[in-house]
Amino acid sequence: MLKNQWLKYVLIGFIWTVIVDWGTAGGFHLAYWDTPLAGYIMRGIIFLFIPLFPSYFIFRRGWNGVKLLLPTIIVAFVVEVLIVKNPLAYTFPFLLWGIPFAVAIYSAIIYLPLWLIRGEIKENKRKAIFLFLITAFICVVSFFTQK
C-alpha cells in the first residue's frame, strides 16, 4: 500500500505540477510549449523533483500538516530562486508578495495531491479551496499579462 500511495502521489504530483506551471508561468498560452528538447528534459527533471522531494518526508518520515511546510519552502526556494531565478522571489519589493504566492502555489502542488490520494480533501476543504483559488488567481494574472 505504501509503494502504491507513493507512486500515485508522485504521478499525480508530476501531472499537477505540469498543469500549474503551464498556468502560472505560461498563462495557459500555447507558446509555453515552444521550447527545444533540452527545455522539455529540464522541465521534466524539475517537475519530477517537486513531488519526489517531499514524498521522502511524507512516506518515509510520516510528515503531514504544518511539518510538511518546511520541504515545501525548500522546494519553492530551490526551483524559483536557484533553478529558474525568478526575480519575484528575490528582488525587493517584489519578494514581499512573490514569496507568499510562491509558497502558496507550491503548497497547492504538494498538499493537494497528498490529500487527494489519502482521501482527505473533505477534511482539508477550506485549505484546499484557498490553495486552489490562489493558484487560479495567479493563472488568470499570468494569462492576461503574458503573450
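Tutor: Start with the second largest pocket. Its lining consists of Asn64, Gly65, Val66, Leu69, Ser107, Tyr111, Trp115, Glu120, Asn124, Lys127 and Leu131. Keep in mind that this is a predicted model. The space in this second largest pocket is about 220 Å³. Sorted by class, its lining has five nonpolar, four polar and two charged residues.

Now look at the helices behind that list. H4 and H5 each give at least two residues to the lining of the second largest pocket. H4 gives the largest share, three residues.

These two helices also pack against each other. In general, two packed helices are described by the angle between their axes and the distance between the axes. The axes of H4 and H5 come within 9 Å and cross at roughly 130°. That angle makes H4 oblique to H5. Their crossing is left-handed.

Next, see which residues touch. From H4 come Phe101, Ala104, Ile105, Ser107, Ala108, Tyr111, Leu112 and Trp115. They meet Lys127, Ala128, Leu131, Ile134, Thr135, Phe137 and Ile138 of H5. By class, this contact of H4 with H5 has 12 nonpolar, two polar and one charged residues. Some names return here. Ser107, Tyr111 and Trp115 of H4 take part in the contact, and Ser107, Tyr111 and Trp115 also line the second largest pocket. On the H5 side, Lys127 and Leu131 take part in the contact, and Lys127 and Leu131 line the pocket as well.

By class, the lining of the largest pocket divides into 20 nonpolar, seven polar and three charged residues.

One more helix pair is worth a look. The axes of H2 and H3 come within 9 Å and cross at roughly 160°. H2 and H3 are therefore roughly antiparallel to each other. H2 passes H3 in a right-handed crossing. Met42, Ile46, Phe49, Ile50, Phe53, Pro54 and Phe57 in H2 meet Pro71, Ile74, Val75, Val78, Val79 and Ile83 in H3. The residues of this contact of H2 with H3 are 13 nonpolar, with no polar and no charged ones.

Terms used:
Residues are numbered from 1 along each chain as its sequence is written. This is a predicted model: local features need pLDDT of at least 70, side-chain atom pairs count only at pLDDT 80 or more; totals for chains, interfaces and linings use all residues. Side-chain values use heavy atoms; hydrogens and water are left out. Ala, Val, Leu, Ile, Met, Phe, Trp, Tyr, Cys and Pro count as nonpolar, Asp, Glu, Lys and Arg as charged, and the others, Gly among them, as polar. On a 1 Å grid over the protein atoms alone, a cavity is a set of points where a 1.4 Å probe fits but cannot get out, and a pocket is an open set with protein on both sides within 12 Å along at least five of seven lines; lining residues have an atom within 4 Å of a point. Grid points are joined across faces, edges and corners, and a volume is the space filled by probe spheres set on the points. Helices (H or I, at least four residues) and strands (E, at least two) are DSSP runs, numbered from the N terminus. Axes are lines fitted to C-alpha atoms, for helices over the stretch in contact, and angles run from 0 to 180 degrees between N-to-C directions. Angles under 35 degrees count as roughly parallel, over 145 as roughly antiparallel, 65 to 115 as roughly perpendicular and the rest as oblique. A crossing is left-handed if the near helix is turned anticlockwise from the far one by less than a right angle, and right-handed if clockwise. Contact means heavy atoms within 4.5 Å.
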